[in-house]
Structures are given as C-alpha cells and as structure tokens.
Amino acid sequence: MASPKLLLVLATSLLGCGLLAAADYAPMTLTVVNNCPFPVWPGIQANSGHDVLEGGGFFLPALSHKSFPAPAHPWSGRIWARTGCAGAGAQLRCATGDCGGRLQCGGLGGAAPATLAQVSLHHGGDQTSYGVSVVDGFNVGLSVTPHEGRGNCPVLGCRRNLTATCPGELQLRSPAGSVLACRSGCEAFRTDELCCRNMYNSPRTCRASKYSEFFKRECPQAFTYAHDSPSLTHECTAPRELKVIFCH
C-alpha cells in the first residue's frame, strides 16, 4: 500500500495535469423551464466528444420544469425548444426544432429555425459561459439564468416574441397560414454571404445584414450571425444552478 506522503504527491501531480479537476467542481444543477402556455419538447445537443444529457430530449408540459445534475467535468452544448410536435413512442415529428423525427435527439441537432441556449460548463477554473443565439432563427423566446454564481453572472436572453414582428420573407408558416417561427437570412436565402460561407467565412468578410439587424434590434444580447460579438460579457464562476427558461 502506498504511503500517505506518496499518495499526496501523486494527487498533487494529477491536479497539476488537470486529471482530478472534476473532483473540485461543486455540484451543479441544470434546469429547463417551460414558461410557455403550450407544451415543448426540449432538445439537448452536446458538442463533439461530450456526454449526451437526458437522452438528448424529453417532453415538458406547459408551465413546468425539469431539473437534472450537470456533468461534473467540462461540458458544452446547446439546448432548444421543439414545438408543434406529434408522435408515439420514440418517434416525434415537430413543426420547429425537429431532430430527425426522434423524441430523444441522441446527439442530433435541431432543424432551423430555432432559438438556441449555448452553454459551456467547468472551463478555465470552473467558469460557466452561456448565451442565446438566433443565428439559426427564432421559434420561442428564452433566457439563461444562473443562480448563486460568483463574479459577473447576468441573465441573458431573447425574450420578445419575434414571430409577431418577423419580416414576411423570413416567416415560416404552417399549412393553415399561422407564423410558426422566424428564419434567419441564411435559412431563407441560402447565399454564401448571408450564411458566412466560403469567402465570407471570416470576421472580416462575415458582416451583419439587414436580416441579422432585425434580430439584433429585437434581441440585442443574442448572437445574430456567425461572427457576431454581443457586447455584454460575463465571467460567472461555479453557479449552483443554471436555468434555461422558454417563453421568459
């Protein structure tokens, strides 16, 4: 059996290498809240190499929430709401945010347009970063709210109902004619310039458009095109809980 002194030296060495860093992270809870007057089916997509949380998706009735433990190690990904869904068992088709016709997205992303909460946990000394993106368009308002963190931990969101003000050329409509969501300029027109592809894929050439400027006027805290840089910054350390709230 190794001596206590040797074990202490080994532990110190592992911490220096970052191999025991996760043990230092305080317990953290992720909570998804449906404040909408209708049901949603949240989707969760982890970035490459990270854990799939809660199977990647679940049902959330109106005015309800679901809480689950956050990973105790670095994790990043996105959370969004699927709306207008119907299906049975593991099959689910949604009018917005669909992930391949599945209830549990299992690592798949959601179809645009969809408002995204982007989250990065336990990085750079237990920092939590988060934001809201309408780069892929808008389907429901949402906010990201940290609780009991240290440092600068603002609430960030895109709370307005943009389906009510969406320009006609960006509207995604149901067969009955109601506006379901608001597409991005990229999703609506598929040009390299609006999608920041090819020669436009750099901070110098990827610029705001009249379509991204509509989203920026309505939701100044949100990312509105690929190389957007919202002015509100944050350095939030070790929050006890992070809430993603739809229709808030």
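## Sheet, pockets and ring pairs

In strand E14, asparagine 34 has phenylalanine 246 as its bridge partner. That contact belongs to a set of six bridges joining strand E1 (residues 29-34) to strand E14 (residues 241-246), with the two strands running parallel. Keep in mind that this is a predicted model.

- E1 and E14 sit side by side in an open sheet of five strands, ordered E3-E1-E14-E8-E10, and the pairing is mixed.
- At the edges you'll find strand E3 (64-69) and strand E10 (156-158), each of which pairs on one side only.
- Going from one strand to the next, the twist averages 15°.

**Largest pocket**
- The volume of the largest pocket comes out at about 290 Å³.
- Its lining has 21 residues, and Val135, Ser184, Cys186, Leu194 and Cys195 are the ones nearest the centre.
- By class, the lining of the largest pocket splits into ten nonpolar, five polar and six charged residues.

**Second largest pocket**
- The second largest pocket holds about 230 Å³ of space.
- It's lined by 15 residues, with Phe38, Thr83, Asn139, Val140 and Leu180 closest to the centre.
- Strand E4 (75-86) and strand E12 (179-182) are the elements that give two or more residues to this lining.
- Seven nonpolar, six polar and two charged residues make up the lining of the second largest pocket.

**Aromatic pairs**
- The structure has four aromatic pairs.
- Tryptophan 41 and phenylalanine 59 form a tilted pair, because their ring centres are 5.2 Å apart and their planes meet at 45°.
- Tryptophan 41 is in strand E2 (residues 41-46) while phenylalanine 59 is in the loop between E2 and E3, so this pair ties together parts 18 residues apart in sequence.
- Tryptophan 41 is buried at 11% relative accessible area, whereas phenylalanine 59 is partly exposed at 43%.
- Phenylalanine 58 and phenylalanine 68 make an edge-to-face pair, since their planes are at 80°, with ring centres 6.4 Å apart.
- Phenylalanine 58 is in the loop between E2 and E3 and phenylalanine 68 is in strand E3, so the pair links parts ten residues apart in sequence.
- Phenylalanine 58 is buried, with 6% relative accessible area, and phenylalanine 68 is buried too, at 4%.

Key
Residues numbered from 1 in each chain as written. Predicted model: local features only at pLDDT ≥ 70, side-chain atom pairs only at ≥ 80, totals over all residues. Heavy atoms only, no water. Pairing = 2+ DSSP bridges. Helix = DSSP H or I, 4+ residues; strand = E, 2+ residues; numbered from the N terminus. Axes fitted to C-alpha atoms, helices over the stretch in contact; angles between N-to-C directions. 1 Å grid on protein atoms, 1.4 Å probe; cavity = no way out; pocket = protein on both sides within 12 Å on 5 of 7 lines; lining within 4 Å. Points joined across faces, edges and corners; volume = space filled by probe spheres on them. Nonpolar A, V, L, I, M, F, W, Y, C, P; charged D, E, K, R; others polar. Phe/Tyr/Trp six-rings, centres within 6.5 Å; stacked < 30°, edge-to-face > 60°. Buried < 20%, exposed > 50% of the residue type's maximum accessible area, 1.4 Å probe, protein only.
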